[in-house]
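Work through the following exercises with the sequence and the model side by side. Try each task on your own before you read its solution.

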Amino acid sequence: MFEDMREALMKKALGFETDEIVEEYSTDENGNQILVKRKITKKFNPPDVSALKFLSEQNYDDDLAKMTDEELLKEKDRLLQLLKEKEEQSES
């Protein structure tokens with residue numbers, strides 16, 4: 001259970017994508033519900049600075065725990081850029 005909570009918190013801290021489903025129903029002449037339209041939209045949930053800060057306080061040294069929200073956002077962007085560069089290198 002602890003690992004599930006940690007993974008959920010990490011997902012919230014880094015941002016994640018979800019599918020948002022909207023369905024429209026109509027009633028036929030017999031009173032039955034019939035699916036008329038279904039729309040699936042990708043939705044990006046942005047990173048949560050509070051979750052990132054909480055994780056840093058729990059898992060990392062005091063330098064990260066003392067960072068402001070702005071400093072944490074800059075550090076997150078820097079780390080994401082490093083990951084992107086590593087990924088591009090491994091694809092080459």
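The exercises below concern a predicted model, and each solution goes step by step.

**Exercise 1. Find the helix that holds Lys76, decide whether Lys76 is buried or exposed, and list which residues it touches.**

Step 1: Begin with the place in the chain, where Lys76 turns out to belong to helix 4, which covers residues 69-91.
Step 2: Turn to the accessibility, and use the cut-off that buried means under 20% relative accessible area. Because its relative accessible area is 13%, Lys76 counts as buried.
Step 3: Look for contacts beyond the residues up to four places away in sequence, and you will find that Lys76 touches Ala13, Pro47 and Leu52.

**Exercise 2. Count the salt bridges in the structure, and then describe the one between Glu23 and Arg38.**

Step 1: The count comes to six salt bridges in the structure.
Step 2: In one of them, the side chains of Glu23 and Arg38 meet, with a distance of 3.1 Å from N to O.
Step 3: This pair links distant parts of the chain, since Glu23 is in strand 1 (residues 16-27) and Arg38 is in strand 2 (residues 33-45), 15 residues apart.
Step 4: Glu23 is partly exposed because its relative accessible area is 34%, and Arg38 is likewise partly exposed because its relative accessibility is 48%.

**Exercise 3. Describe the salt bridge between Lys74 and Glu70, and say where in the structure the two residues lie.**

Step 1: The side chains of Lys74 and Glu70 meet at 3.5 Å, taken from N to O.
Step 2: Both residues lie in helix 4, where they are four residues apart, or about one turn of the helix.
Step 3: As for accessibility, Lys74 and Glu70 are both exposed.

**Exercise 4. Name the residues of the negative surface patch and those of the nonpolar patch on the surface.**

Step 1: The negative patch is formed by Glu85, Glu87, Glu88 and Glu91.
Step 2: Of these residues, take Glu91 as an example, which lies in helix 4 and counts as exposed because its relative accessible area is 61%.
Step 3: The nonpolar patch consists of Met1, Phe2 and Met5, which together have about 430 Å² of accessible area.
Step 4: Here take Phe2, which is found in helix 1 (residues 2-14) and is exposed because its relative accessible area is 62%.

**Exercise 5. Locate Asn45, classify its accessibility, and work out how far apart Asn45 and Gly15 are in sequence and in space.**

Step 1: Asn45 has its place in strand 2, and because its relative accessible area is 17%, Asn45 is buried.
Step 2: Along the sequence Asn45 and Gly15 are 30 residues apart, yet in space their C-alpha atoms are 5.5 Å apart.
Step 3: Leaving aside residues up to four places away in sequence, Asn45 touches Gly15, Phe16 and Thr18.

Key:
Residues are numbered from 1 along each chain as its sequence is written. This is a predicted model: local features need pLDDT of at least 70, side-chain atom pairs count only at pLDDT 80 or more; totals for chains, interfaces and linings use all residues. Side-chain values use heavy atoms; hydrogens and water are left out. Buried means under 20% relative accessible area, exposed over 50%, partly exposed in between (1.4 Å probe, protein chains only). Contact means heavy atoms within 4.5 Å. A salt bridge is a side-chain nitrogen of Lys or Arg within 4 Å of a carboxyl oxygen of Asp or Glu. Patches are made of residues with over 30% relative accessible area and no salt bridge: like charges are joined within 9 Å, nonpolar side chains (Val, Leu, Ile, Met, Phe, Trp, Tyr) within 5 Å. Accessible areas come from the Shrake-Rupley method with a 1.4 Å probe; for residues, only the protein chains shown count as cover. Lys and Arg count as positive and Asp and Glu as negative; His and the chain ends are not counted. The place of a charge is taken as NZ of Lys, CZ of Arg, CG of Asp or CD of Glu.
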